[in-house]
Amino acid sequence: MDKKAQFFKVYANLPQASREEIVAVIGNEPYTWQVARLEIEQDTPIGKEILETLVKLKILPE
């Protein structure tokens, strides 16, 4: 399973309230689960950085 699919699997299992919590900080800019989902869906460079950060944080498996 690729990183994007893994992210969406984790995201789908999050409680609604948790989706508003910050999951990653990229370039001093905090990103919530909701914003991260939008960035990853759109395949933006920030979305790719968020995925890499989540792997480094062991939120997503390698």
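Guide: The model is a predicted one, and the helix to begin with is α1, residues 3-12. Its axis and that of α2, residues 33-41, come within 11 Å and cross at roughly 150°; because an angle over 145 degrees counts as roughly antiparallel, α1 and α2 are therefore roughly antiparallel to each other, and their crossing is left-handed. On the α1 side the contact is made by K4, F7, F8, V10 and Y11, which meet W33, Q34, A36, R37, I40 and E41 of α2, and these residues divide into seven nonpolar, one polar and three charged.

With α3 the arrangement is described by axes that come within 10 Å and cross at roughly 75°, which makes α1 roughly perpendicular to α3. Here K3, K4 and F7 of α1 meet L51, E52, L54 and V55 of α3, a contact with four nonpolar, no polar and three charged residues.

F7, which takes part in the contact with α2 and in that with α3, is also among the residues with the most contacts inside the largest nonpolar core, together with V23, W33, I50, L54 and L60. L60, leaving aside its neighbours within four places in sequence, is in contact with K3, Q6, F7, V10, L51, L54 and V55.

Technical notes: Residues are numbered from 1 along each chain as its sequence is written. This is a predicted model: local features need pLDDT of at least 70, side-chain atom pairs count only at pLDDT 80 or more; totals for chains, interfaces and linings use all residues. Side-chain values use heavy atoms; hydrogens and water are left out. Axes are lines fitted to C-alpha atoms, for helices over the stretch in contact, and angles run from 0 to 180 degrees between N-to-C directions. Helices (H or I, at least four residues) and strands (E, at least two) are DSSP runs, numbered from the N terminus. Angles under 35 degrees count as roughly parallel, over 145 as roughly antiparallel, 65 to 115 as roughly perpendicular and the rest as oblique. A crossing is left-handed if the near helix is turned anticlockwise from the far one by less than a right angle, and right-handed if clockwise. Contact means heavy atoms within 4.5 Å. Ala, Val, Leu, Ile, Met, Phe, Trp, Tyr, Cys and Pro count as nonpolar, Asp, Glu, Lys and Arg as charged, and the others, Gly among them, as polar. A nonpolar core is a set of buried Ala, Val, Leu, Ile, Met, Phe, Trp, Tyr and Cys residues joined through side-chain atoms within 4.5 Å. Buried means under 20% relative accessible area, exposed over 50%, partly exposed in between (1.4 Å probe, protein chains only).
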